[in-house]
Amino acid sequence: MKDPYEILGVARTASSEDIQKAYRRLAKKLHPDLNPGNKEAEERFKEVSLANDILSDAEKRKKFDSGEIDAFGAERPRQSYYKDYAAQAGAGHPYENPSGFADFADADDIFAELFRRQAQQSRRRRGADLHYRLTIEFLDATKGASKRLTLPDGGTLDVTIPPGIQDGQILRLRGKGGPSGGEGEAGDALVEISITPHRFFTRVGDDIHLELPVTLAEAFLGSHVKVPTPTGPVMLKVPKGSNTGSILRLKGKGVPRQGGHGDELVKLKVMLPTEPHPELETFLSNWTAGKSYDPRRDMQP
Amino acid sequence: MTINKLDFLYRAQLDQETLEIWIEEEWLVPSEAAGEPEFSEADLARAKLIRDLKHDLGVNDEGVGIILNLLDQMHSLRKAMADMLPSKRGRSDLS
């Protein structure tokens, strides 16, 4: 370590005012927070503040002058400065201020885009985002709806559910969160949607699956049956010879999506009569051709 | 890691009244939890910077506000620059 008088550039006889003046002059030039990109200034400032630490304290200065302590007798200079935190702060840092370059973002090129992104990231004194949960019915989720959320503080929040929303999706309501402490914008309300299951519809992607019970006659002979869809019942043609597991597609009766709708897939389930049926019994006992049909033939070991 | 008000006053070597003025002036913008201010390490380093400006560099109160405003702009600019320069990207992503 060099001589502290030399570092501050003062004479050994300098008064404490001279020392303070010399330190100030150097600190104004070298303070790391005023030179965030200059490593050399930071190193020099450390020396300068060590030197000042000794010479500005009459006791320490006397000890140094008499050789009792060397230049290392000073306190360790501090290791981090504000610049170190400002450089690593993420989005939402309260001190960010894009005023110095916001105008660059108006231009129409690749750099402007980067400046825009940077400007958006900095949200000076923005209010907090508030999280809510909202449970909605299956059909409200597929068709869209308008819901009112009652907040813990007694207020209400109107939430517009877009058609086709997914379970677990989060709606962001701009500016409906906590107010800003200062001049910044309010935070957002983040509403997580959960959807209660439907009695007979299930959703797979943008399609709606439905298991539709049909009678033996409706399936075997073919028929027209009424099928529920999210937008109301429609008539479905069951082709002759349909069976349990046959899937019929109702085009465009599924969940709304970009540029159209998904489909509703109707899976038939043949239901035998629950009541005793002597006529059918007699028929089946005498129906010899039916006995040669083995639905389990693929299951032979 | 957040720092509560008492710790902050101690570590920044500040008295309560001074801290209130600094917050009022928006030199410091602590976050808030349950009605109490909460400070970060960045807030602490910033408080030390304000102290340096006032005590070591002889900047008056008007000057401190101006310097902080310009410093905040400079840091935002530095970050915007760092994001644009691929070689600096690693540094700015540190957090």
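1. Helices (H or I, at least four residues) and strands (E, at least two) are DSSP runs, numbered from the N terminus. On that basis, chain B contains five helices and two strands, and from the N terminus on its elements follow the order α-α-β-β-α-α-α.

2. The model is a predicted one, in which local features need pLDDT of at least 70, side-chain atom pairs count only at pLDDT 80 or more, and totals for chains, interfaces and linings use all residues. Residues are numbered from 1 along each chain as its sequence is written, chains are lettered from A and ligands numbered from 1 in the order in which they are written, and side-chain values use heavy atoms, with hydrogens and water left out.

3. Of the 95 residues in chain B, 41% are buried (buried means under 20% relative accessible area, exposed over 50%, partly exposed in between, with a 1.4 Å probe and protein chains only). Contact means heavy atoms within 4.5 Å. Among the contacts in chain B with a separation of 6 or more, 41% join residues 24 or more positions apart.

4. A nonpolar core is a set of buried Ala, Val, Leu, Ile, Met, Phe, Trp, Tyr and Cys residues joined through side-chain atoms within 4.5 Å. The largest such core has 44 residues, and A:Leu8, B:Phe8 and B:Leu28 have the most contacts inside it. Both chains contribute: α1 (4-8), α2 (16-30), α3 (39-55) and α5 (82-88) of chain A, and α1 (5-12), α2 (16-24), α3 (41-56) and α4 (61-84) of chain B, each supply at least two of its residues. A second, separate core of 35 residues includes A:Ile193, A:Ala219, A:Val227 and A:Val266. In soluble globular proteins, nonpolar side chains tend to be buried together.

5. Neighbours within four places in sequence aside, B:Leu28 is in contact with A:Tyr95 and with residues of chain B including B:Phe8, B:Leu19, B:Trp22 and B:Ile50.

6. In α1(B), the buried residues are B:Phe8, B:Leu9 and B:Ala12. Seen down the axis, they fall within an arc of 100 degrees, so they line one face of α1(B); the arc is that of the directions from the helix axis to the C-beta atoms. Exposed B:Leu6 and B:Tyr10 lie on the face turned away from the buried side of α1(B). The cover over the buried residues of α1(B) includes α2 and α3 of chain B.

7. In α2(A), A:Ile19, A:Ala22, A:Tyr23, A:Leu26, A:Ala27 and A:Leu30 are buried. Their arc around the axis is only 130 degrees, which puts them on the same side of α2(A). The face turned away from that side carries exposed A:Glu17, A:Lys21, A:Arg25, A:Lys28 and A:Lys29. The buried residues of α2(A) pack against α1, α3 and α4 (58-65) of chain A together with α3 of chain B.

8. A:Leu250 lies in strand β10 (residues 247-250) of chain A and is buried, with a relative accessible area of 10%. The C-alpha atoms of A:Leu250 and A:Thr229, 21 residues apart along the chain, are separated by 9.1 Å. Leaving aside neighbours within four places in sequence, A:Leu250 is in contact with A:Val227, A:Thr229, A:Val234, A:Leu236, A:Asp263, A:Glu264 and A:Val266.
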